[in-house]
Amino acid sequence: MSINGKKNERNAVILAAGFGTRMVPINLSTPKALLKVKGEPLIERSIKQLHNAGIEDITVVVGFMKEAFEYLIDEYNVELLVNEHYAVKNNLHSLALAADRISDTFVIPSDVWCEENPYIPESEHSWYMIKVNCDEDEMIGISFISSDKAPEIREKLISFDKDEKYDNEFWETVLYENGKMNIPFLSVNAEKYVEINTYEQLRELDGDSLHLKNDALDLIAKVFKTKPEAIHDIKVLKKGMTNRSFLFSVDGNKYIMRIPGEGTDKLINRENEAAVFKAISGYGLCDDPVYINPENGYKITKFLDGVRVCDCENENDLAVCMEKLRYFHSLKLSVPHTFDIFGQIEFYESLWDSNPSVYKDYETTKKNVLSLKSFIDSCQKDWCLTHIDAVPDNFLFYETENGEQLQLTDWEYSGMQDPHVDIAMFCIYSLYDKKQVDSLIDIYFENNCPETVRTKIYAYIASCGLLWSNWCEFKRNLGVEFGEYSIRQYHYAKEYYKYVKESID
């Protein structure tokens, strides 16, 4: 094929592997690249515009819900490359997978909508597209890498991809030298080119898009007796280990909507969670939910301005948090259900669907940890409602007229247990070494912890380490990785088993 009599050897790489987490709540069921704008999926519009420019050699890098893109092979003759690490690496890794294809190449994010075809006319020089006619220049993400620049880009992509410090970087990192982009900008009209990062951007571009219909937003509208169009400032919060949550505003007030994450229905009993909120209501531990559904786990809570989480390295924070934890434990609240540590270890393993552990010595480690049960059972316990997930990120400091206050959040796993389990959970989430573990124990017990109790907490660290390691293995099978956290939990199981054995033998 040729344009103006010139042979066209250009190609394109479309990056479509990511979760698109900023598109909450609609990204849970549809990859962002397949969102329809004016009746047409975003990625199909890009492919058609490439075809109209005479570009037939198109590679699409996929990851999240990769099967949903399979039809593009037959309909548009594209090639799919699979990014298996889309959950833990950014799009630099995606483009590195296609590094050998970069030469006279358009690199295109999958979430752009272009009214005009940006791939005509041809260019001999590299460029990166930005929008003008707005408050400040805005990067679009579409770029062209010419053949003379391609070798340098390919080399840097491959080199950076091998370095873990670039795992969370956008591919544009390779275009910068000394803080400046080393290819020219191509300025375009802001109204003609739109990068769709949020639900509200989609609503602004196409108010009739079928993807705007969403049960979470319909629920919010019902709870607050308003219309979905009245819900604004929708922003993704930090993706949790169990849930996806987003911030929104209604009538000038801010709230948080929690949507359970992948596989959560197998991990959390929402009726039990509702029972916990009923038990803790009125004790100043946290605000009552505005809405909670014990069937699907949807929850709406007030947003606290100026919130910060506990700094697990700050002694003042630790003292305040442990005081709050002691107060909670002193209430000796009760619910009908128990959190069974050893039962959960087996349960999470059962969710692996007969897949073996990634750890070669898992069976030995498991046997050792299970052997600690008899010691734990022999220890004295003040059985009561225990948070279970009492980790630094769930201690929320916030400002009020009366100064800084503290709440405990995320009560999903809570149940009847030995309250000293909460100390173990705080330690292993914080990735504490033994010196830090002992220091936290001393803070909680105000330097008066019996050695038998300290050893019991070591046993909880070992058993809970294996529990969360098994949980991480289940989530890994769903495509969700937790990196160092997962490995360290397994190490806690092995290391603290040894500490307990040294103490009781």
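Trainee: Is Thr 386 buried or exposed?
Mentor: This is a predicted model, where local features need pLDDT of at least 70, side-chain atom pairs count only at pLDDT 80 or more, and totals for chains, interfaces and linings use all residues. Residues are numbered from 1 along each chain as its sequence is written, and side-chain values use heavy atoms, leaving out hydrogens and water. Buried means under 20% relative accessible area, exposed over 50% and partly exposed in between, with a 1.4 Å probe and protein chains only. The relative accessible area of Thr 386 is 0%, so Thr 386 is buried.

Trainee: Which residue has its backbone oxygen 3.0 Å from a polar atom of the Thr 386 side chain?
Mentor: Start from strand β22 (residues 384–386), which holds Thr 386; strands (E, at least two residues) and helices (H or I, at least four) are DSSP runs, numbered from the N terminus. Beyond four places in sequence, Thr 386 is in contact with residues including Phe 328, Ser 414 and Asp 422, contact meaning heavy atoms within 4.5 Å. The backbone oxygen at 3.0 Å from that polar side-chain atom belongs to Gln 417.

Trainee: How are α15 and α16 oriented to each other?
Mentor: The axes of α15 (residues 451–477) and α16 (residues 483–504) come within 7 Å and cross at roughly 155°. Axes are lines fitted to C-alpha atoms, for helices over the stretch in contact, with angles from 0 to 180 degrees between N-to-C directions. Angles under 35 degrees count as roughly parallel, over 145 as roughly antiparallel, 65 to 115 as roughly perpendicular and the rest as oblique. The two helices, α15 and α16, are therefore roughly antiparallel.

Trainee: And α9 with α14, how are they oriented?
Mentor: Helix α9 (residues 315–330) packs on helix α14 (residues 434–444) with axes 9 Å apart and an angle of about 55°. That makes α9 and α14 oblique.

Trainee: Which residues of α14 make that contact with α9?
Mentor: On the α9 side you will find Leu 318, Ala 319, Met 322, Leu 325, Arg 326 and His 329. Their partners in α14 are Leu 440, Ile 443 and Tyr 444.

Trainee: Which peptide bond is cis?
Mentor: Most peptide bonds are trans. Look in the loop between β9 (112–114) and β10 (127–132), where Pro 121 is found. With omega near 0°, the cis bond runs from Ile 120 to Pro 121.

Trainee: What is the phi of Asp 251?
Mentor: Asp 251 lies in the loop between β17 (243–250) and β18 (253–260), and its relative accessible area of 67% makes it exposed. Most residues other than glycine have a negative phi. For Asp 251, phi is positive, near 55°.

Notes:
A polar contact is a pair of N or O atoms within 3.5 Å; within protein, one must be able to donate a hydrogen and the other to accept it, and residues adjacent in sequence count only if both atoms are side-chain atoms.
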